[in-house]
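Have a look at the model first, then read on.

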Amino acid sequence: MSSACVVGAGVFGASISRELALRGWEVTLVEQYAPGNVRSASGGDTRLLRFAHGGVDWYADLAWRARSLWIDLQAETGTRIWEPVGVAWFAQRDDGFEARSRPALDRLGAAYEWLAPEDARSLYPSFSTDGLAAVLLENDAGVLRARAATQLLVEDAARRGVRVEGGRVTPDAAPGADVVVWACGPWLAGLFPEHVELKTTRRDVFFFGGDATWQGRPGFCEYDAPYYGHGDIAGLGVKVAPDVPGDEVDPDTIDRLPLPARERDARAYAARRFPALADAPVVGGRVCQYDLSVDTHFIVDRHPERPDWWLVGGSSGHGFKHGPALGEYVADCVAGARERESFHALGERFGDAGLRTASIG
Ligand SMILES: Cc1cc2nc3c(=O)[nH]c(=O)nc-3n(C[C@H](O)[C@H](O)[C@H](O)COP(=O)(O)OP(=O)(O)OC[C@H]3O[C@@H](n4cnc5c(N)ncnc54)[C@H](O)[C@@H]3O)c2cc1C
């Protein structure tokens, strides 16, 4: 039996370790804090799962596969992690990112509606469509309860034989397994500075206190604003997050109190798009970070000098949704069943994963 050590129990490492165990590998998963800790991006409360990716089909396909795997995990464990509320894209143009996403949705057979702004007003209890050309409603999309889902993946991995250990692993004292997968999020660049280039930038997220009518409302993205969020999920409140570049941060030491300036931005957006929330109280806030690769494509590649080591990260603010499907892809690469994609290689990068953060992150 082959053995693997996976370093990092974020959604990537948890998914990879579970997938390798499902394939009969002897697996150890090592995490420096707790699985789903709030210093990791996977420790956020919620994450959107959508298929629209502009014209970049690879991630649309991966998200589509991941949706089935998340739903299976929920069904097998009886633990609620998936909110099938849909995701609405507020399109300021009818030939932008949203329109470019439609061919992939058609090909996948993902349910969606292309709505005139006046026909989208009932999506939210209070919704101003000023400045919108259309609304793309992805009916099959939704919201994952991220921290709970990450912890569930780790629990399920343990049930399937993965040994879960606490501790910080370094390349100098690397574990002795046939394969080591370093799935370390923003920490990857510090562990392998000569091979991995990442920008770790701050993102502030706010929850506003709406009334009961905000429950079960869709997620939303306004790509050209840029803001995203969702209706009330699990009593957290209505999420409104500015998707603007923040300062570079150290994920170990940053104080995670949201900035008043970002709160003002989120409130101004909420007041403009969802007028009923103009005076709603802030009922929660989180500070997290993106680990941005230079082109927002993920990194999945062998270490140039240690072919038994795989470096996985650079999720660039869009990785969560893909977790279990990314686990399948990496397990295939590790087992030699497929090649990693050229746009995930270490070294010079030229691509564009089609993200709003690509040009501004
Ligand atoms: C505010 C915000 C909103 C987002 N919204 C979305 C969204 O709507 N949809 C979406 O799909 N994605 C979203 N993302 C992105 C998504 O959360 C990340 O892409 C994903 O969680 C990254 O997972 P990861 O496993 O690569 O990294 P992480 O979650 O950071 O996990 C890495 C883990 O490795 C551990 N580790 C690191 N180094 C070591 C070491 N040396 N030894 C042991 N353990 C180690 C860390 O402690 C950590 O637990 C968002 C991110 C943020 C910050």
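Predicted model: local features only at pLDDT ≥ 70, side-chain atom pairs only at ≥ 80, totals over all residues.

- Thr296 sits in the loop between strand S15 (282-292) and strand S16 (299-302).
- The phi angle of Thr296 is positive, near 65°, and this residue is something other than glycine.
- Ala234 is another non-glycine residue with a positive phi, here about 55°. You'll find Ala234 in the loop that runs between S13 and strand S14 (238-242).
- Is Ala234 buried or exposed? Ala234 is exposed, since its relative accessible area of 54% is over the 50% cut-off.
- Look for a cis peptide bond between Ala225 and Pro226, where omega is about -10°. Pro226 belongs to the loop between strand S12 (219-222) and strand S13 (227-230).

- As background, nonpolar side chains tend to be buried together in soluble globular proteins.
- In this model the largest nonpolar core has 72 residues, and Ile16, Trp70, Val312 and Leu326 are the ones with the most contacts inside it. Helix H2 (residues 57-77) supplies the largest share of this core, at 9 residues.
- There's also a second, separate core of 23 residues, with Ala88, Leu115, Ala266 and Ala280 among them.
- What does Ile16 touch, once neighbours within four places in sequence are set aside? Ile16 is in contact with Val6, Val181, Ala183, Val312, Leu326, Gly327 and Val330.

**Where H1 meets H7**

- Helix H1 (residues 11-22) packs against helix H7 (residues 323-334) at an angle of about 55°, and their axes are 8 Å apart. That angle makes H1 oblique to H7.
- The crossing of H1 with H7 is right-handed.
- On the H1 side, the contact uses Val11, Phe12, Ser15, Ile16, Glu19 and Leu20. The H7 side brings in Gly323, Pro324, Leu326, Gly327, Glu328, Val330 and Ala331.
- Sorted by class, the contact of H1 with H7 has 8 nonpolar, 3 polar and 2 charged residues.

- Gly323 is found in helix H7 and counts as buried, with 0% relative accessibility.
- Leaving out neighbours within four places in sequence, Gly323 is in contact with Val11, Ser15 and Trp70.
- Gly323 and Val238 are 85 residues apart along the chain, and 24 Å separates their C-alpha atoms.

**Where H2 meets H4**

- H2 packs with helix H4 (residues 146-159) at an angle of about 65°, with the two axes 11 Å apart. This crossing of H2 and H4 is left-handed.
- Trp70, Leu73 and Thr77 make the contact from H2, while H4 contributes Ala149, Leu152, Leu153, Asp156 and Arg159.
- By class, the residues of the contact of H2 with H4 are 5 nonpolar, 1 polar and 2 charged.

- Leu153 is part of helix H4. With 1% relative accessibility, Leu153 counts as buried.
- Which residues does Leu153 touch, not counting those up to four places away in sequence? The list is Val11, Ala14, Ser15, Arg18, Trp70 and Leu73.
- Leu153 and Ile16 are 137 residues apart in sequence, yet 9.8 Å apart in space, C-alpha to C-alpha.

**The end segment**

- Gly336 lies in the segment after H7, and Gly336 is exposed, with a relative accessible area of 55%.
- The C-alpha atoms of Gly336 and His230 are separated by 39 Å, and these residues are 106 residues apart along the chain.

How values were computed: Residues numbered from 1 in each chain as written. Heavy atoms only, no water. Core = buried A, V, L, I, M, F, W, Y, C linked by side-chain atoms within 4.5 Å. Buried < 20%, exposed > 50% of the residue type's maximum accessible area, 1.4 Å probe, protein only. Helix = DSSP H or I, 4+ residues; strand = E, 2+ residues; numbered from the N terminus. Contact = heavy atoms within 4.5 Å. Axes fitted to C-alpha atoms, helices over the stretch in contact; angles between N-to-C directions. Parallel < 35°, antiparallel > 145°, perpendicular 65-115°, else oblique. Left-handed = near helix turned anticlockwise from the far one by under 90°. Nonpolar A, V, L, I, M, F, W, Y, C, P; charged D, E, K, R; others polar.
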